[in-house]
Amino acid sequence: MPMTHVITAGRAAPLGASFDGEGVNFAVFSAHATRMVLCLFSDDGQEVQRLDLPERDGDVWHGHIAGLRPGQLYGYRAHGPYAPQDGHRFNPHKLLVDPYARRLTGHPVWNDALYGYDPAKGPESFSTLDSAPFMPRSVVVDPAFSWGNDRPPETPIDETVIYEAHVKGLTRLHPTAHPKGSFLGLASDPMLEHLTGLGITAVELLPVHAFVDDKFLHDKGLTNYWGYQSLGFFAPDPRYLQAGDIAEFQQMVARLHGAGIEVILDVVYNHTCEGDHRGPTLAFRGLDNASYYRLAGDKRHYINDTGTGNTVNVDHPMVLRMIMDSLRYWVEVMHVDGFRFDLCATLGRTPTGFDPGAAFFDAIRQDPVLTRVKLIAEPWDIGPGGYQLGAFPPPFLEWNDRFRDTVRQFWRGDAGLVPRLADRITGSAGQFDHSGRPATASVNLLTAHDGFTLTDVVSYNARHNEANGEANGDGHGANWSDNLGVEGPTEDAGIRAARARRKRNMLATLLLSQGTPMILAGDEIGNSQSGNNNAYCQDNEIGWIGWDNVEEDLLAFTQALVAFRRAHPILRQKRFLHARERVTDGLPDLFWWREDGQEMTDADWQEDHRRLFCVEKRIAAGTPSYGAPQTAMFLVFNAGGAAEVILPEAPEGTRWVCRIDTAAEPAATERPANGSIPCPAEAVLALVLEPEA
């Protein structure tokens with residue numbers, strides 16, 4: 001016979017299931033429930049006991065059970081009104097995941113029982129089917145981990161190079177990484193060797209919070225690969241754990257830290273996996289629908305600024321508390337180093353629109369734990385006024401899609417792009433030079449998980465998403481790509497060489513620009529998704545990185561670029577360059593040059609046919625000098641034909657040395673220049689002012 005447990009009052013804090021050495025305290029929030037039932041399960045998942053949480057402190061229901069240990073399986077059933085017209089969708093027939101669960105046993109299995117209503121009768125009906133057979137169990141966890149001498153790398157933002165990666169996709173096809181497709185595989189020796197050899201300082205992981213495979217994907221035989229459908233904000237997704245132990249995540253972090261690499265998590269707090277009013281009841285909807293979600297005027301429906309069917313109600317203090325508790329948990333217990341916030345504009349929405357002083361931002365900016373980690377915003381959502389690039393408060397960084405689009409357009413030869421590219425390579429001051437924000441606030445990217453890979457940008461004119469089962473109607477329509485003559489793979493040597501050079505040109509533009517660079521995992525080795533620019537449901541060879549045909553020259557070039565950036569503080573400046581005179585030598589910190597050695601005029605900037613421009617950079621005025629005060633860098637960006645470029649006069653005792661030439665073999669080079677330098681067609685040059693040998 002299973003043991004019959006006795007429940008006592010316990011405590012209202014902390015929320016979740018907390019092992020205290022003598023038993024487990026359970027605490028869960030619901031403002032509108034009338035009764036909260038804790039369900040205990042045996043190790044084989046069978047429900048063995050139901051106990052009412054005996055106490056309510058404000059809107060927190062709680063109880064304590066002596067003798068319970070870590071590993072105990074549990075869930076909740078919430079009683080209350082089922083009144084969709086009033087925003088309430090309580091249904092005690094539905095087993096609910098604890099929003100604070102540190103571990104889940106698995107994923108929901110799609111069945112009509114998961115819905116609070118009868119799908120045959122519509123979303124106003126009431127379902128009496130028990131969902132427990134189809135739901136994962138929450139698990140009591142003791143998150144203690146022997147961290148040893150683990151220390152966060154705390155890489156300064158001006159030295160940061162981000163590598164966006166998918167836990168499974170990075171390792172699933174790697175020949176020697178093991179165990180494949182897991183947290184432990186990501187931190188295996190072969191992956192650490194690749195990451196450290198590349199020179200990146202942080203991995204930004206696509207969502208690792210427990211997430212759900214959408215039903216419409218399940219019905220098509222597909223899965224949610226990317227993971228932007230969160231079910232729990234504290235639990236690592238079970239699919240990335242080998243033995244179901246959250247210590248595997250902690251071990252990954254410790255090994256990456258040991259290699260000097262930070263861990264940044266892509267987090268999704270703007271919506272959940274429960275979808276709109278036709279979605280399942282898995283956790284939040286059943287615990288307190290009217291509190292967890294922003295409801296429309298007709299409370300049967302949800303405000304949908306996210307495009308996923310619902311929007312999390314960050315304005316509610318207990319919902320905001322959950323988000324803050326989640327963030328602190330991942331920093332303090334799991335030792336992560338930062339977060340990238342999916343659709344972050346949603347988190348700043350108020351009844352009057354987006355507000356950089358919204359409660360979410362204020363809460364983070366005053367938090368002593370979160371203000372010491374990296375914070376990155378995806379600065380848009382699909383709601384009204386949802387595009388907010390440059391509007392986020394310090395210390396947030398922001399994904400800069402305008403950098404991505406401008407670089408792609410410039411290198412495919414679009415007209416009139418010189419002024420825009422000039423702004424992008426100097427930190428996008430038009431968006432970010434305000435409120436004391438540094439140039440590093442711009443996260444510069446060429447590609448990301450959402451869109452073409454770099455190889456596909458130069459190999460396809462159009463998306464090829466047929467495998468997604470949406471008649472190739474999904475994904476971005478404006479890719480600013482160019483196949484250079486053939487759609488997809490080709491054996492034409494000339495086209496292959498042109499594609500390789502264009503990739504080098506774009507990577508050079510990225511890593512020679514002010515801002516914080518982000519590289520998409522696989523771009524450095526020539527990974528392709530066969531033209532699929534929306535591989536969110538492709539948990540297969542389309543979405544996984546292919547390691548069987550590494551472009552070694554591209555990898556070596558990327559490594560050289562990252563090392564060059566690290567070696568030259570001029571490229572990594574936090575201060576914006578505005579051609580101000582420097583006290584150290586009386587020279588401006590920025591010059592814009594034509595190829596004939598003359599400064600760019602207003603008329604030059606307006607020439608639609610111009611494809612070449614040059615920039616001379618120094619350490620920004622007002623910045624403590626790095627090395628010799630006259631150290632400078634001269635960059636040439638040429639998307640047009642070959643030209644002879646006149647160089648600025650080198651001061652006595654110095655000379656210009658070309659260190660990067662994307663048209664040369666190898667592209668990282670050392671070539672002194674005397675007065676001028678030939679610039680091949682479609683090339684980037686980087687010259688450094690150095691003492692004469």
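Hi everyone, let's start with three helices: α13 (454–457), α14 (493–511) and α15 (552–567) each give at least two residues to the lining of the second largest pocket. Please keep in mind that this is a predicted model.

Which of those helices gives the largest share of that lining? That would be α14, with five residues. In total, 29 residues line the second largest pocket, and T455, K503, G526, N549 and E551 are the ones nearest its centre. The space in there comes to about 790 Å³. If we sort the lining of this pocket by class, we get eight nonpolar, ten polar and eleven charged residues.

Now over to the largest pocket, with a volume of about 1200 Å³. Its lining has 42 residues, and the closest to the centre are Y228, H271, T306, G307 and T308. Here the elements that contribute two or more residues are α4 (215–219) and α10 (401–411). By class, this lining has 15 nonpolar, 15 polar and twelve charged residues.

So much for the pockets; what about the cavities? Searching the whole structure turns up six of 30 Å³ or more. The largest cavity has a volume of about 170 Å³, and 17 residues line it, with H166, H449, L520, Q529 and G543 closest to its centre. Take a look at β13 (162–165) and α1 (167–171) on your screens: each of them supplies at least two residues of that cavity lining.

How many charged residues are in the lining of the largest cavity? There is one, alongside nine nonpolar and seven polar residues.

Terms used
Residues are numbered from 1 along each chain as its sequence is written. This is a predicted model: local features need pLDDT of at least 70, side-chain atom pairs count only at pLDDT 80 or more; totals for chains, interfaces and linings use all residues. Side-chain values use heavy atoms; hydrogens and water are left out. On a 1 Å grid over the protein atoms alone, a cavity is a set of points where a 1.4 Å probe fits but cannot get out, and a pocket is an open set with protein on both sides within 12 Å along at least five of seven lines; lining residues have an atom within 4 Å of a point. Grid points are joined across faces, edges and corners, and a volume is the space filled by probe spheres set on the points. Helices (H or I, at least four residues) and strands (E, at least two) are DSSP runs, numbered from the N terminus. Ala, Val, Leu, Ile, Met, Phe, Trp, Tyr, Cys and Pro count as nonpolar, Asp, Glu, Lys and Arg as charged, and the others, Gly among them, as polar.
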